[in-house]
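Thanks, everyone, for making the time this morning. I would like to take you through one model, beginning with a metal site and ending with a helix packing.

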Amino acid sequence: MSEAYAPTPLPWQKEDWELIQRTRRDDRLPHALLLSGPEGIGKRRFADAIAASFLCTSAEVDGSACGNCRGCELFRAGTHPDLKTIMPEAPGKAIRIDAIRDYTSKESLTAQAGGYKIVIVEPADAMNRSAANSLLKTLEEPVEWTFILLISAQPERLPATIRSRCRQLQMKLPQRGLAVRWLAGEVDQMDPALLLSLASGAPLRARALADSELLGLRVKLLDEFAAIIEGKADPVAVAASWNRLDPSLVVGWYSGWLTDCLRLKTDPDYVDLINPDQRNRLQEIGESIEFKRLFGYIDDAHRALLALGSQLNQQLMLESLLLPLAGSAPVIRDREK
Ligand SMILES: [Zn+2]
(Lines give C-alpha, C1' and ligand atoms only; values in the text may rest on other atoms or scores of the structure.)
Protein backbone atom coordinates (compact mmCIF):
# COMPACT_ATOMS: atom_id res chain seq x y z
CA MET A 1 0.00 0.00 0.00
CA SER A 2 1.47 3.32 -0.96
CA GLU A 3 1.46 6.12 1.55
CA ALA A 4 -0.85 8.72 0.06
CA TYR A 5 0.09 12.17 1.17
CA ALA A 6 -0.13 15.57 -0.40
CA PRO A 7 0.13 18.96 1.28
CA THR A 8 -3.21 20.61 1.87
CA PRO A 9 -3.97 24.21 2.75
CA LEU A 10 -4.22 25.04 6.45
CA PRO A 11 -7.68 25.62 7.93
CA TRP A 12 -7.39 29.43 7.77
CA GLN A 13 -6.33 29.32 4.12
CA LYS A 14 -9.61 27.95 2.79
CA GLU A 15 -10.80 31.17 1.16
CA ASP A 16 -7.44 31.89 -0.45
CA TRP A 17 -7.36 28.31 -1.70
CA GLU A 18 -10.80 28.53 -3.23
CA LEU A 19 -9.88 31.81 -4.87
CA ILE A 20 -6.84 30.28 -6.58
CA GLN A 21 -8.72 27.16 -7.65
CA ARG A 22 -11.57 29.25 -9.05
CA THR A 23 -9.14 31.48 -10.91
CA ARG A 24 -7.52 28.42 -12.38
CA ARG A 25 -10.85 26.89 -13.47
CA ASP A 26 -11.81 30.19 -15.10
CA ASP A 27 -8.48 30.23 -16.89
CA ARG A 28 -7.51 33.54 -15.35
CA LEU A 29 -4.38 32.52 -13.48
CA PRO A 30 -1.64 35.14 -13.50
CA HIS A 31 1.85 34.05 -14.52
CA ALA A 32 3.17 35.04 -11.14
CA LEU A 33 1.59 35.20 -7.73
CA LEU A 34 3.16 37.02 -4.81
CA LEU A 35 2.15 35.41 -1.52
CA SER A 36 2.71 37.98 1.19
CA GLY A 37 1.80 38.13 4.87
CA PRO A 38 3.44 37.71 8.28
CA GLU A 39 6.07 35.09 9.05
CA GLY A 40 4.73 31.82 10.45
CA ILE A 41 1.23 31.70 8.94
CA GLY A 42 2.00 28.96 6.41
CA LYS A 43 2.66 30.80 3.15
CA ARG A 44 5.10 28.10 2.06
CA ARG A 45 2.69 25.34 3.01
CA PHE A 46 0.07 27.09 0.87
CA ALA A 47 2.49 27.34 -2.06
CA ASP A 48 3.33 23.64 -1.72
CA ALA A 49 -0.35 22.74 -1.65
CA ILE A 50 -0.92 24.75 -4.83
CA ALA A 51 2.10 23.19 -6.51
CA ALA A 52 0.94 19.68 -5.56
CA SER A 53 -2.56 20.49 -6.78
CA PHE A 54 -1.37 21.75 -10.17
CA LEU A 55 1.03 18.86 -10.69
CA CYS A 56 -1.50 16.19 -9.71
CA THR A 57 -3.09 14.43 -12.66
CA SER A 58 -6.26 13.42 -10.84
CA ALA A 59 -6.97 16.17 -8.35
CA GLU A 60 -10.05 16.11 -6.13
CA VAL A 61 -13.08 18.30 -6.81
CA ASP A 62 -11.80 21.02 -4.47
CA GLY A 63 -8.47 21.01 -6.25
CA SER A 64 -6.47 19.07 -3.60
CA ALA A 65 -3.83 16.71 -4.91
CA CYS A 66 -4.88 13.03 -4.82
CA GLY A 67 -1.63 11.84 -3.24
CA ASN A 68 -1.53 8.72 -5.41
CA CYS A 69 -0.83 9.58 -9.03
CA ARG A 70 2.60 9.72 -10.67
CA GLY A 71 2.66 13.53 -10.28
CA CYS A 72 1.96 13.24 -6.57
CA GLU A 73 4.57 10.52 -6.18
CA LEU A 74 7.23 12.68 -7.81
CA PHE A 75 6.14 15.67 -5.76
CA ARG A 76 6.46 13.67 -2.56
CA ALA A 77 9.91 12.41 -3.53
CA GLY A 78 10.97 15.99 -4.25
CA THR A 79 11.95 15.01 -7.79
CA HIS A 80 9.11 16.38 -9.92
CA PRO A 81 10.81 17.78 -13.02
CA ASP A 82 8.23 20.55 -13.32
CA LEU A 83 8.67 21.96 -9.84
CA LYS A 84 11.63 24.11 -8.88
CA THR A 85 12.12 25.70 -5.51
CA ILE A 86 14.63 28.51 -5.26
CA MET A 87 15.91 29.43 -1.80
CA PRO A 88 19.08 31.03 -0.46
CA GLU A 89 21.94 28.60 0.11
CA ALA A 90 21.72 29.37 3.81
CA PRO A 91 19.13 31.31 5.79
CA GLY A 92 19.81 35.03 5.64
CA LYS A 93 21.95 34.72 2.49
CA ALA A 94 20.97 36.29 -0.82
CA ILE A 95 19.41 34.43 -3.73
CA ARG A 96 21.85 34.97 -6.55
CA ILE A 97 21.41 35.38 -10.25
CA ASP A 98 22.67 31.88 -11.15
CA ALA A 99 19.90 30.30 -9.11
CA ILE A 100 17.26 32.33 -10.91
CA ARG A 101 18.82 31.99 -14.37
CA ASP A 102 19.12 28.21 -14.11
CA TYR A 103 15.42 27.85 -13.57
CA THR A 104 13.92 30.62 -15.61
CA SER A 105 15.47 30.19 -19.03
CA LYS A 106 12.88 29.42 -21.70
CA GLU A 107 13.97 25.77 -22.05
CA SER A 108 13.80 25.01 -18.39
CA LEU A 109 10.39 26.67 -18.15
CA THR A 110 8.86 24.29 -20.66
CA ALA A 111 7.07 21.61 -18.71
CA GLN A 112 8.27 18.06 -19.21
CA ALA A 113 5.07 16.39 -18.11
CA GLY A 114 2.93 18.58 -20.36
CA GLY A 115 1.15 20.50 -17.64
CA TYR A 116 2.20 23.34 -15.42
CA LYS A 117 5.76 24.26 -14.69
CA ILE A 118 5.97 25.72 -11.23
CA VAL A 119 8.71 27.82 -9.71
CA ILE A 120 8.63 28.76 -6.00
CA VAL A 121 10.96 31.53 -4.79
CA GLU A 122 11.29 31.81 -1.02
CA PRO A 123 11.85 34.33 0.40
CA ALA A 124 11.55 36.36 -2.77
CA ASP A 125 12.92 39.46 -1.03
CA ALA A 126 16.24 37.62 -0.61
CA MET A 127 16.93 37.98 -4.34
CA ASN A 128 19.81 40.35 -4.93
CA ARG A 129 19.48 43.03 -7.59
CA SER A 130 20.80 40.99 -10.49
CA ALA A 131 18.69 37.98 -9.54
CA ALA A 132 15.61 40.20 -9.38
CA ASN A 133 16.44 41.68 -12.80
CA SER A 134 16.79 38.22 -14.23
CA LEU A 135 13.42 37.20 -12.83
CA LEU A 136 11.90 40.41 -14.13
CA LYS A 137 12.83 39.41 -17.70
CA THR A 138 10.90 36.18 -17.24
CA LEU A 139 7.93 38.07 -15.84
CA GLU A 140 8.01 40.45 -18.79
CA GLU A 141 8.02 37.63 -21.32
CA PRO A 142 6.06 34.90 -19.60
CA VAL A 143 6.17 31.33 -20.88
CA GLU A 144 2.75 29.72 -21.16
CA TRP A 145 1.82 27.21 -18.47
CA THR A 146 4.43 28.61 -16.16
CA PHE A 147 3.33 29.59 -12.71
CA ILE A 148 5.77 31.46 -10.49
CA LEU A 149 5.04 31.70 -6.77
CA LEU A 150 6.95 34.37 -4.89
CA ILE A 151 6.81 34.17 -1.11
CA SER A 152 7.62 37.15 1.06
CA ALA A 153 6.85 38.49 4.52
CA GLN A 154 8.37 41.80 3.41
CA PRO A 155 7.09 42.40 -0.12
CA GLU A 156 7.97 46.11 0.14
CA ARG A 157 11.58 45.03 -0.18
CA LEU A 158 10.96 43.66 -3.65
CA PRO A 159 11.59 46.00 -6.57
CA ALA A 160 8.38 47.77 -7.59
CA THR A 161 8.90 46.47 -11.13
CA ILE A 162 8.60 42.88 -9.85
CA ARG A 163 5.60 43.61 -7.66
CA SER A 164 3.74 45.28 -10.48
CA ARG A 165 4.11 42.17 -12.64
CA CYS A 166 2.68 39.80 -10.02
CA ARG A 167 -0.77 39.37 -8.67
CA GLN A 168 -0.48 39.83 -4.93
CA LEU A 169 -2.30 37.60 -2.48
CA GLN A 170 -2.02 39.09 0.99
CA MET A 171 -2.42 36.32 3.50
CA LYS A 172 -3.48 37.40 6.96
CA LEU A 173 -2.99 36.18 10.51
CA PRO A 174 -5.69 33.62 11.18
CA GLN A 175 -8.61 34.36 13.40
CA ARG A 176 -7.44 33.55 16.94
CA GLY A 177 -9.99 30.86 17.84
CA LEU A 178 -9.28 28.93 14.66
CA ALA A 179 -5.52 29.14 15.22
CA VAL A 180 -5.77 28.00 18.86
CA ARG A 181 -7.92 25.01 17.84
CA TRP A 182 -5.43 24.00 15.17
CA LEU A 183 -2.48 24.48 17.52
CA ALA A 184 -4.14 22.38 20.23
CA GLY A 185 -3.97 19.44 17.83
CA GLU A 186 -0.28 20.08 17.13
CA VAL A 187 1.28 20.55 20.57
CA ASP A 188 0.94 18.38 23.67
CA GLN A 189 1.23 19.55 27.21
CA MET A 190 1.56 23.19 26.35
CA ASP A 191 -0.99 25.94 26.43
CA PRO A 192 -1.82 26.68 22.77
CA ALA A 193 -3.24 30.12 23.63
CA LEU A 194 -0.01 31.15 25.37
CA LEU A 195 2.14 29.84 22.53
CA LEU A 196 0.03 31.73 20.01
CA SER A 197 0.41 34.96 21.98
CA LEU A 198 4.17 34.51 22.17
CA ALA A 199 4.28 34.01 18.43
CA SER A 200 2.25 37.19 17.81
CA GLY A 201 -0.65 35.14 16.48
CA ALA A 202 1.33 33.19 13.86
CA PRO A 203 0.41 29.51 14.34
CA LEU A 204 3.42 27.88 12.66
CA ARG A 205 5.77 30.07 14.60
CA ALA A 206 3.87 29.06 17.75
CA ARG A 207 4.32 25.39 16.91
CA ALA A 208 8.05 25.92 16.39
CA LEU A 209 8.25 27.52 19.84
CA ALA A 210 6.69 24.43 21.38
CA ASP A 211 9.19 22.20 19.60
CA SER A 212 12.24 23.97 20.82
CA GLU A 213 13.99 25.22 23.87
CA LEU A 214 13.10 28.72 22.85
CA LEU A 215 10.64 29.26 25.67
CA GLY A 216 13.33 28.72 28.30
CA LEU A 217 15.68 30.92 26.35
CA ARG A 218 13.08 33.68 26.27
CA VAL A 219 12.82 33.69 30.07
CA LYS A 220 16.61 33.81 30.36
CA LEU A 221 16.73 36.82 28.02
CA LEU A 222 13.97 38.50 30.00
CA ASP A 223 16.07 38.02 33.16
CA GLU A 224 18.99 39.71 31.43
CA PHE A 225 16.75 42.53 30.20
CA ALA A 226 15.54 43.14 33.78
CA ALA A 227 19.10 42.97 35.10
CA ILE A 228 20.23 45.69 32.68
CA ILE A 229 17.38 47.94 33.74
CA GLU A 230 18.34 47.43 37.37
CA GLY A 231 21.95 48.25 36.57
CA LYS A 232 23.07 44.71 37.46
CA ALA A 233 24.21 43.54 34.02
CA ASP A 234 26.51 45.00 31.40
CA PRO A 235 24.48 45.89 28.29
CA VAL A 236 27.46 45.41 25.98
CA ALA A 237 28.07 41.88 27.26
CA VAL A 238 24.37 41.03 27.00
CA ALA A 239 24.26 42.45 23.45
CA ALA A 240 27.20 40.21 22.55
CA SER A 241 25.40 37.11 23.83
CA TRP A 242 22.11 38.06 22.16
CA ASN A 243 24.01 38.69 18.95
CA ARG A 244 24.59 34.94 18.64
CA LEU A 245 20.84 34.35 18.36
CA ASP A 246 18.35 35.00 15.56
CA PRO A 247 17.95 38.81 15.64
CA SER A 248 14.34 38.79 14.43
CA LEU A 249 13.43 36.56 17.33
CA VAL A 250 15.38 38.53 19.94
CA VAL A 251 14.25 41.97 18.82
CA GLY A 252 10.69 40.65 18.47
CA TRP A 253 10.70 39.43 22.08
CA TYR A 254 12.33 42.62 23.29
CA SER A 255 9.74 44.78 21.59
CA GLY A 256 6.95 42.56 22.99
CA TRP A 257 8.19 42.95 26.58
CA LEU A 258 8.31 46.72 26.32
CA THR A 259 4.89 46.85 24.67
CA ASP A 260 3.42 44.79 27.51
CA CYS A 261 5.22 46.97 30.10
CA LEU A 262 3.51 50.01 28.62
CA ARG A 263 0.11 48.32 28.39
CA LEU A 264 0.26 47.23 32.02
CA LYS A 265 1.52 50.59 33.16
CA THR A 266 -1.51 52.17 31.50
CA ASP A 267 -4.00 49.48 32.49
CA PRO A 268 -2.97 46.85 35.07
CA ASP A 269 -5.89 44.64 33.96
CA TYR A 270 -4.98 44.71 30.27
CA VAL A 271 -6.30 41.46 28.77
CA ASP A 272 -4.61 40.77 25.46
CA LEU A 273 -0.93 40.69 26.45
CA ILE A 274 1.81 39.37 24.19
CA ASN A 275 3.45 37.70 27.24
CA PRO A 276 0.56 36.69 29.48
CA ASP A 277 2.79 34.31 31.46
CA GLN A 278 5.07 37.21 32.54
CA ARG A 279 2.32 39.61 33.58
CA ASN A 280 3.52 40.41 37.10
CA ARG A 281 7.09 40.84 36.14
CA LEU A 282 6.42 43.10 33.18
CA GLN A 283 4.02 45.14 35.24
CA GLU A 284 6.73 45.74 37.85
CA ILE A 285 9.25 46.71 35.23
CA GLY A 286 6.74 49.00 33.51
CA GLU A 287 5.84 50.73 36.73
CA SER A 288 9.45 51.41 37.53
CA ILE A 289 10.28 53.15 34.22
CA GLU A 290 9.07 56.67 33.40
CA PHE A 291 6.51 56.91 30.59
CA LYS A 292 8.74 59.10 28.48
CA ARG A 293 11.64 56.67 28.64
CA LEU A 294 9.40 53.71 27.98
CA PHE A 295 8.00 55.32 24.84
CA GLY A 296 11.54 56.04 23.70
CA TYR A 297 12.59 52.40 24.19
CA ILE A 298 9.55 51.19 22.27
CA ASP A 299 10.27 53.58 19.41
CA ASP A 300 13.83 52.31 19.23
CA ALA A 301 12.63 48.70 19.25
CA HIS A 302 10.19 49.35 16.41
CA ARG A 303 12.86 51.07 14.39
CA ALA A 304 15.18 48.10 14.94
CA LEU A 305 12.45 45.67 13.87
CA LEU A 306 11.87 47.58 10.64
CA ALA A 307 15.57 47.70 9.88
CA LEU A 308 16.17 43.98 10.52
CA GLY A 309 18.01 42.34 7.69
CA SER A 310 19.46 45.60 6.44
CA GLN A 311 21.61 45.92 9.56
CA LEU A 312 25.25 45.39 8.76
CA ASN A 313 26.30 45.24 12.37
CA GLN A 314 23.81 43.50 14.61
CA GLN A 315 25.96 43.79 17.68
CA LEU A 316 25.84 47.59 17.37
CA MET A 317 22.11 47.52 16.77
CA LEU A 318 21.57 45.49 19.96
CA GLU A 319 23.90 47.74 21.94
CA SER A 320 21.98 50.79 20.74
CA LEU A 321 18.84 49.20 22.18
CA LEU A 322 20.31 48.01 25.45
CA LEU A 323 22.71 50.82 26.43
CA PRO A 324 19.98 53.42 27.10
CA LEU A 325 18.19 50.92 29.36
CA ALA A 326 21.11 50.58 31.73
CA GLY A 327 20.17 51.35 35.29
CA SER A 328 16.96 53.13 34.26
CA ALA A 329 15.07 51.52 37.14
CA PRO A 330 17.46 50.46 39.88
CA VAL A 331 14.66 49.52 42.22
CA ILE A 332 12.36 47.10 40.43
CA ARG A 333 12.55 44.49 43.16
CA ASP A 334 12.93 46.90 46.11
CA ARG A 335 9.40 48.13 45.57
CA GLU A 336 8.07 44.89 46.96
CA LYS A 337 9.88 45.17 50.26
ZN1 LIG B 1 -2.26 13.13 -7.67
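Before we look at the metal, a word on terms: an N, O or S atom counts as a donor when it lies within 2.8 Å of the metal, and since water is not among the atoms, a site may look incomplete. Please also keep in mind that this is a predicted model.

With that cut-off, the zinc ion is coordinated by the SG atoms of C56, C66, C69 and C72, at 2.3 to 2.4 Å. What arrangement do the four donor atoms make around the zinc ion? The angles they subtend run from 105 to 116°, and the arrangement is therefore tetrahedral, given that four donors count as such if all angles lie between 85 and 135 degrees. For reference, the ideal angle for four tetrahedral donors is 109.5 degrees.

Along the sequence, the donor residues follow the spacing C-x9-C-x2-C-x2-C. C56 sits in the loop between helix 2 (43–55) and helix 3 (70–77), while C72, 16 residues apart from it, belongs to helix 3 itself, and the pair thus links distant parts of the chain. C56 counts as buried because its relative accessibility is 9%, and C72, with a relative accessible area of 3%, is buried as well.

Let me turn now to the helices. Helix 12 (residues 247–266) packs against helix 13 (residues 279–288) at an angle of about 75°, their axes lying 8 Å apart, so that helix 12 is roughly perpendicular to helix 13. Helix 12 contributes W257, D260, C261, L264 and K265 to the contact, and helix 13 contributes R279, L282, Q283, I285, G286 and E287.

Technical notes
Residues are numbered from 1 along each chain as its sequence is written. This is a predicted model: local features need pLDDT of at least 70, side-chain atom pairs count only at pLDDT 80 or more; totals for chains, interfaces and linings use all residues. Side-chain values use heavy atoms; hydrogens and water are left out. Donors are N, O and S atoms within 2.8 Å of the metal (3.2 Å for Na, K and Ca); water is not among the atoms, so sites may look incomplete. Four donors count as tetrahedral if all angles lie between 85 and 135 degrees; four count as square planar and six as octahedral if opposite donors are over 155 degrees apart and all others between 65 and 115; anything else is irregular. Helices (H or I, at least four residues) and strands (E, at least two) are DSSP runs, numbered from the N terminus. Buried means under 20% relative accessible area, exposed over 50%, partly exposed in between (1.4 Å probe, protein chains only). Axes are lines fitted to C-alpha atoms, for helices over the stretch in contact, and angles run from 0 to 180 degrees between N-to-C directions. Angles under 35 degrees count as roughly parallel, over 145 as roughly antiparallel, 65 to 115 as roughly perpendicular and the rest as oblique. Contact means heavy atoms within 4.5 Å.
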